[in-house]
Amino acid sequence: GLMQIRTAAAMDWAKEHGVPAPSKEDMFEPDLNIEIGTWYIARALKRWFDNPDFLRMALAEYNAGRTRLLQWMAIYNDNTDRLLAAKPVGKYAAKVCRKYFDYTVQSLKLDSVIAEQPKIAQFP
């Protein structure tokens with residue numbers, strides 16, 4: 001589907017919203033798919049916000065899933081740079097950061113964005 005929502009993510013979303021879990025067919029409805037997908041990525045951004053590399057880690061969670069990402073974090077002793085360099089999810093996060101830079105950051109005051117999230121600037 002549109003945001004490639006997994007069943008587990010849809011179940012988490014339904015539980016948090018106090019609604020029945022959507023069927024697989026319902027998850028292909030664009031409005032619902034985007035709602036669940038944006039909820040999922042927002043939750044990941046909040047979870048990783050205190051990490052200096054929160055954007056890439058939130059993207060990695062969105063791409064690989066929280067359970068798998070936490071397993072990798074344990075293997076790499078919480079070193080996000082090593083984890084992202086070793087796993088394909090790092091390439092995904094870098095690609096999204098490049099697109100973010102291309103579409104968004106160039107229209108903003110670059111200095112203030114880099115000061116807030118310096119690792120974004122590594123990916124143009």
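Modeller: Among contacts in the protein chain between residues at least 6 apart in sequence, 48% link residues that are at least 24 apart. Please keep in mind that this is a predicted model, in which local features need pLDDT of at least 70 and side-chain atom pairs count only at pLDDT 80 or more, while totals for chains, interfaces and linings use all residues. Residues are numbered from 1 along each chain as its sequence is written, and side-chain values use heavy atoms, with hydrogens and water left out.

The protein chain has seven helices and zero strands, so its elements read α-α-α-α-α-α-α from the N terminus on. A residue is called buried under 20% relative accessible area, exposed over 50% and partly exposed in between, using a 1.4 Å probe and protein chains only. Of the 124 residues in the protein chain, 40% are buried.

The part I would pick is helix α3, which spans residues 54-64. Because 10 of its 11 residues are buried, α3 is largely enclosed by the rest of the structure. The buried residues of α3 are F54, L55, R56, M57, A58, L59, A60, E61, Y62 and A64. Their cover includes α2, α4 (66-75), α5 (80-86) and α6.

Let us turn to the partner α6. Two packed helices are described by the angle between their axes and the distance between the axes. Each axis is a line fitted to C-alpha atoms, for helices over the stretch in contact, and the angle between N-to-C directions runs from 0 to 180 degrees. The axes of α3 and α6 (residues 88-103) come within 9 Å and cross at roughly 120°. The two helices are therefore oblique to each other; angles under 35 degrees would be roughly parallel, over 145 roughly antiparallel and 65 to 115 roughly perpendicular, with the rest oblique.

On the α3 side, L55, R56, L59, A60, Y62, N63 and A64 take part, and they meet V89, Y92, A93, V96 and C97 of α6. These residues divide into 10 nonpolar, one polar and one charged. Ala, Val, Leu, Ile, Met, Phe, Trp, Tyr, Cys and Pro count as nonpolar, Asp, Glu, Lys and Arg as charged, and the others, including Gly, as polar.

Y62 has another partner to show you. Rings of Phe, Tyr and Trp (its six-membered ring) pair if their centres lie within 6.5 Å, and their planes are stacked under 30 degrees apart, edge-to-face over 60 and tilted otherwise. The count comes to two aromatic pairs. One of them joins Y40 and Y62 in a tilted arrangement, at 6.0 Å centre to centre and 55° between the planes. Y40 belongs to helix α2 (residues 30-48) and Y62 to α3, so the pair ties together parts 22 residues apart in sequence. Y40 is buried at 9% relative accessibility, and Y62 is buried at 19%.

Just after α3, finally, G65 takes a positive phi of about 95°.

Terms used: Helix = DSSP H or I, 4+ residues; strand = E, 2+ residues; numbered from the N terminus. Contact = heavy atoms within 4.5 Å.
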